[in-house]
Amino acid sequence: MKKLYVKTFGCQMNEYDSDKIADVLARSHGATLTADPAAADIIVFNTCSVREKAQEKVFSDLGRVRKLKNTRPDLLIAVGGCVASQEGAAIVTRAPYVDLVFGPQTLHRLPEMIAARQKSGVAQVDISFPKIEKFDNLPPARVDGASAFVSIMEGCSKFCSYCIVPYTRGLEVSRPMDDVLVEIGGLAQQGVREVTLLGQNVNAYRSKHDEQRIDLAALLERIAAIPGVERIRYMTSHPREFTTALIEAHRNIGKLAGHVHLPVQSGSDRVLAAMKRRYTTLEFKSIVRRLREARPGISISSDFIVGFPGETEEDFERTMQLIEDVGFDASFSFIYSPRPGTPAAELEDTTPAELKLARLQRLQAAIDANARRISAAMLGSRQLVLVEGSARHNQDELSGRTDNNRVVNFSGPPSAIGSLVTVEITEVRAHTLRATMIGDDGSTAEEAAATEGRQDDEGKAAASSQAPSRSPAAALVLAAATALFAGGLGYAPSAQAQWRGLDLAAGASSPAAAEEVSPLARMLREARVLLGEGRARDAYALLKPAEPRYAGSPEFDYLLGVAALDSGRPAEAVIVLERVLIQRPDHLPARAEVARAYLRVHETEAARQTFEAVAARELPPEVRATIERYLNAIERVKDARRVKRVATLEAEVGYDDNVNLGTASGQWLLADGTAVLPLPVSKPAASAAMGLGGSLYWVIPTGGGWRATVGGRFAVRAYPSARTLDQEQFELSGGIARRFSCHEVGMQVQAQTLRLDGTRLRDGTGVLAQWQCDTERAGRIGAYLQHYRFDFPDQSVRNADRTALGFTWARRIDSMPNATLIAGLNGGNERSRAGYDNLSYDFWGLRAVLVFGLGSGWQAAGALGWESRNFNGLEPEFGVAREDQQTEVQLSAEKSLGNGLMVGPALTYTRTRSTIGPNDFRRGQAMLRARYRF
């Protein structure tokens, strides 16, 4: 019988592979494991190349076993894993005494490779990437303990700029669901109670069953139904693949552990973009917030890379801020080391090594402090623990893990090993917890020793002491909710000030005397007064400068979020209020305020989910009725028959045909429960939407058929009932054109900025090239080419390019007096690129306009337009596609009143249908237009 020594480097995937190597060689050669390499017949190093240190350690270990090979030529030395995939035959060149080199996907071929090595005397190298062959050829799993790893997928397709995994383990390949369930069922029959699902990006798992697509959330449901499986974990996840269904699984699947390992790598959006992670910190925090809503108390651990090329001090401070905002429970954190062949290895790295080390130590200290606080909060609590075996440092004690992945040591019978038991945490140590095992009657050993009468007395005392502590808190929450919703979110300032003041008074744990000496408490008290008086801008000006210092304090963030919202900064309010909910998911007023903010930035789906979370509470009937009113109104936003009607008055003043002095417009908006209003309402209501637009264009003839155009325009629109400016748009342009005998050519350069509530959403620059020609037979024909580049200042990693090509044709119709038909065809592409998203759509459309004279100075026009947009980049692996079709009809008439004045109405009807999202949006507009040229 041969002896096998396996040394494993790196992640849990390698641990799993090492177990499978042992299983394969046990079946083929009867090999048994040994902890002594000198006693082994086969030595296997299962390697990792994620970090440089691990890779070099492999060659160091190979040098040590070379002496064994010199004395025992029949000893087989094998190198597997990621270093083997990366280096291949170069390992044999560097270490000629190595007999076998195999990759993670070819470990099942070890018996054949050993036979070939013994027959030929030549080292064998196999680092190919067979997709699923590995799992089809592995022997049944054998385990001894109560927990086991199960690999459900291999490889990675994300290609982060720093990562070697896609090159060493191949692209993502998922195991068939039935294979996974069969393996876990077999493990459960051997006594396994906890399974950990493994994958480089485990939540990218995709399979099919009976033509149904199965993702990780669906797989977890099926695993939870296997008899004997009591707890399920999975790692490692990617934020890009963290779906709503997976979050809901944490709410609905009781066997799913209350711990998620979710690598973020950095807290800087700029660094994340350079890493090609394809998400932002705001998106990451949103995932954490929703996870904590679904499973209160869930533990979040993560991965961090410190010192990525180009990381500045500001970037690192953003990472530290993220750690404070989220409150990570644990982390794997490392200094960046370049991997050959990855894009990041080509980046210039100028950060001194000692600075990287100092940053790493500071980061680890912050996370350790978080972990200690979380452990301290567990003191006195009762936890369900899977007993894994004897404690490492005391064989007379048992050791296991809690639901949130804490190691617990306690006294108990050996018969408890392999089962789930309840313990009470009695002591918090540096890296472990100590506990007392709870008996079947629900008491600890100490409680069981107490007299029954004493237990009764203690129970009564506990009941009497707890009752008063819950009652005021519950009454406060209900009173706050009642005042919030029944008061009307901005329409009842006194009620709003009352519930906000009550909540913050309850949230401040310091006595009144302490407020006098605490700068934060004094600031919060002053801000509460300002908000109560309706002076939101003053409150914002007071709090905003202190944000870098106090961000992360729920009381501070809550007040800052309210002030931002009421002073017309809803986008900022969303970010700040979400920061509150990350730390205090049960903060009801913050949840209601963020719902208001979602509505103001038109995130109706997020508002709906937030209101539904509030509705899940036990609330008074009048509060519940108000919430239902909100939810019903939000549903109307998605209704296929939703209509937005706008009445507009527009005036235009021009001089000759060379100068347009400007336009101005006012609007009256009728909306059926749309998010543009501060409050969704139960019936259609009117809201004045005042808009002002202006433009100035100066056309300068220069002779020789040339002319130049310079100018600009602006447009602002405000909703007084929302007490905030809704939109600003500015554009500057300049152009040149020349007229030839039958045609004209020209080019125009444009620059524009779009703002929402003072926040710059989009900056754009564009070029428009035009050509048109007048002919007797065909009339006027023309073409244009336009290219626009958009940048999004609030999302520095995102930009978009739009290219359009169009053709026009215009001709008088002889059979109709004074009639002209204008037809157009356009098409193009818009592509959005971001650090977390790549989305593009192709579009094309047709438009026809008929202009004809009616006599008596009247001129009428009718237009019909149609455009189709086909989107790409929406979860292509699920086959989700989006197609929008828009139809527009316009009728207008104008009458000349003489002296250069034209007046007339215009009616427009637009309908947009989409294959996903709100599938039918209709908009009608009535306009009274006046134009005057002098």
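Strand β14 spans residues 259-261 and contains His 261; strands (E, at least two residues) and helices (H or I, at least four) are DSSP runs, numbered from the N terminus. The model is predicted, so local features need pLDDT of at least 70 and side-chain atom pairs count only at pLDDT 80 or more, while totals for chains, interfaces and linings use all residues. Residues are numbered from 1 along each chain as its sequence is written, and side-chain values use heavy atoms, with hydrogens and water left out.

His 261 counts as buried because its relative accessibility is 3%; buried means under 20% relative accessible area, exposed over 50%, and partly exposed in between (1.4 Å probe, protein chains only). Apart from neighbours within four places in sequence, His 261 is in contact with Met 235, Thr 236, Ser 237, Ser 301, Ser 302, Asp 303 and Phe 332. Contact here means heavy atoms within 4.5 Å. Phe 328 is 67 residues from His 261 in sequence, and their C-alpha atoms are 9.7 Å apart in space.

Glu 211 sits in the loop that runs between β11 (206-209) and β12 (212-215). Its relative accessibility is 72%, so Glu 211 counts as exposed.

Now the whole protein. It has 26 helices and 36 strands. Of its 934 residues, 48% count as buried. Among contacts between residues at least 6 apart in sequence, 62% join residues at least 24 apart.
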